[in-house]
Amino acid sequence: MKRSVQIALIFVLGIALVYAIFSNQTNDKASAEDVALQNVAGEVQTIKKGNVILNFWATYCPPCEREMPALNAAYHDLSDSVQLYAVNVEEPTRIVNQYIKNKAVDFPVLLDRTGELKDAYQITMLPTTLFIKNGDVVHTVKGEITEAEIKALTIQYLD
């Protein structure tokens, strides 16, 4: 009995180790220079190679709602050196437009209607913010982010 428990424990630990290794690998398939999504006006917008901040969010997400003012302020403060986009994940345009109007969001909002970009970047929770330099993700923040954190991480990773 003891031997079978030891073997089962080793097996479970082995699977956990393999999962941990593969879940922390970055996905090189997606790069910011290849991304073209519709914005809330229905126009296709291409994210240009350079310094980019992508924030993945949804209207039903309370931490996403709390960080919107920080993203708005950071957009205005950093727009000369960084492209900042909020990428709404898999929600109808009507709902997103109503939300950004009510919240006075005035920075670019893109629509990832099918979740393809979310999947390409392996986004597993909302909100998630990616800091991208010349097409490579250089830093990821999972969870709510503040304006001070956005500015500090921009200096650290995108300067």
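Q: How many bridges join strand 3 to strand 6 (residues 128-133), and which way do the two run?
A: This is a predicted model, where local features need pLDDT of at least 70, side-chain atom pairs count only at pLDDT 80 or more, and totals for chains, interfaces and linings use all residues. Residues are numbered from 1 along each chain as its sequence is written, and side-chain values use heavy atoms, with hydrogens and water left out. Two strands pair if DSSP finds at least two bridges between them, and strands are DSSP runs (E, at least two residues), numbered from the N terminus. Strands 3 and 6 run antiparallel, and the bridges joining them number 6.

Q: Which residue in strand 6 stands opposite Asn51?
A: Take the antiparallel pairing of strand 3 with strand 6. Across from Asn51 you'll find Lys133.

Q: Which residue in strand 4 stands opposite Phe56?
A: Strand 3 is also joined to strand 4 (residues 83-89), by 6 bridges, and these two run parallel. Facing Phe56 there is Val87.

Q: Which element of the chain has the lowest mean pLDDT?
A: pLDDT is the predictor's confidence in each residue, from 0 to 100. The highest mean, 98, belongs to strand 5 (residues 109-112).

How values were computed:
Helices (H or I, at least four residues) and strands (E, at least two) are DSSP runs, numbered from the N terminus.
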